Amino acid sequence: MVLAETLEKLSNACGVAGREEEVRGLMKSFLKPHVDEVNEDKLGNIIGIKKGKKNASKVMLAAHMDEIGLLVKTISKEGFIQFAKIGGIDDRILLAQKVIVYTEKGLLDGIIGSKPPHIQKEEERKRVLTYDELFIDIGAENQEQAKKMGVKIGDPVGFDIKFAKVGKNIVIGKAFDDRVGCAVMIEAMKRLKTECTVYAVGTVQEEVGLRGATTAAFGIYPDIGIALDVTIAGDVPGVREVEAPIKLGKGPSIEIADMGLIAHPKVVRLLIDAAEENKIPYQLETGLPGSTDAARISLTREGVPSGVISIPTRYIHSPSSLLSLEDAEKTVKLTVAAVQKIPKYF
Ligand SMILES: [Zn+2]
């Protein structure tokens, strides 16, 4: 399977944080042919291990399987679903979205509705309706019917966006944060030839506080950690370069620092050298809001030198995002080149 196909399958799957089952199943089957063993830890992280030489360095690659989404909070007497938000979701993007409620009985289509604007008061129309003023309409006549349809408190709700190619190498889809990191990691494991032991970890619950990476890194205690994640591509109208300098189509971004991590200088050197020696275009980025799994990996036990390679992606943390498959492919190349160079640096 090529990178685009892997990404398509992963992007269309449901993986609201804490409910990563569907993505985990795919990751297991996609990693299996390229590693010596695949394990699942107690929190649900999936760990593919490619064994290297005895006493060789342990490398942890991490890409998170979870996505932002919603959870069923209450079902009103009239059959409407009120919801909780999981992960950083901007209330402005919720209204009128088509969503899928993932119940044990199957998938239900729904729309996020609100009081119709025609009858909203003047001040209501001027402000953004907050998520607790919105509801999901699944067409149920009442609470009893909604329950019969399978809806239960805690069911995950995801955005209903299907993967599509829109340009020569441009794709749009759901949850590219971080299914593209997952797809890149799988492809890298396919191509990697190294004496290091490589742990390819699909982590859970990144969007709610980097939780899966914390326990996976504790268990593995790697010698070096690299997170594969997305970064904001700021090359859209209204964004100043200083706010978000990374651009689509200019190659992977090597992160210097974000709110939770100052990338280890040796890891940054390794990544830049790997890019330059292999003529892989790259971008450098610092001062990012938010963080990645690498932040937690770096603080494991006595500390782990860590860094991040990011795929430039537009509109992250919204229902659909957009990226360049060329950037994703170059991120695979950079990941493979860097991991293969590790024995010379660590
Ligand atoms: Zn992410």
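**Figure 1. Lysine 341 in helix H9.** Lysine 341 lies in helix H9, which spans residues 325-345; helices (H or I, at least four residues) and strands (E, at least two) are DSSP runs numbered from the N terminus. The model is predicted, and local features need pLDDT of at least 70, side-chain atom pairs count only at pLDDT 80 or more, and totals for chains, interfaces and linings use all residues. Residues are numbered from 1 along each chain as its sequence is written, and side-chain values use heavy atoms, with hydrogens and water left out. With a relative accessible area of 11%, lysine 341 is buried (buried: under 20% relative accessible area; exposed: over 50%; partly exposed: in between; 1.4 Å probe, protein chains only). Apart from neighbours within four places in sequence, lysine 341 is in contact (heavy atoms within 4.5 Å) with Leu270, Asp273, Ala274 and Glu277.

**Figure 2. Protein donors of the zinc ion.** The zinc ion has as its protein donors His64 (NE2), Asp177 (OD), Asp229 (OD) and Asp229 (OD), at 2.0 to 2.7 Å. Donors are N, O and S atoms within 2.8 Å of the metal (3.2 Å for Na, K and Ca); water is not among the atoms, so sites may look incomplete. The donor residues follow the sequence spacing H-x112-D-x51-D. Distant parts of the chain are linked by the pair histidine 64, in strand S3 (residues 58-64), and aspartate 229, in strand S13 (residues 224-232), which are 165 residues apart. Both histidine 64 and aspartate 229 are buried.

**Figure 3. Angles at the zinc ion.** The angles among the four donor atoms run from 50 to 141°, and the site is irregular. Four donors count as tetrahedral if all angles lie between 85 and 135 degrees; four count as square planar and six as octahedral if opposite donors are over 155 degrees apart and all others between 65 and 115; anything else is irregular. For reference, the ideal angle for four tetrahedral donors is 109.5 degrees.

**Figure 4. The cis peptide bond from aspartate 177 to aspartate 178**. Omega is near 15° for this cis bond. Aspartate 178 is placed in helix H5 (residues 176-191). Most peptide bonds are trans.

**Figure 5. Alanine 96 and alanine 175, each with a positive phi**. Most residues other than glycine have a negative phi. Alanine 96 has a phi of about 70° and sits in the loop between strand S5 (81-86) and strand S6 (98-103). Its relative accessible area is 57%, so alanine 96 is exposed. Alanine 175 has a phi of about 55° and belongs to the loop between strand S11 (170-173) and H5. Alanine 175 counts as buried because its relative accessibility is 10%.
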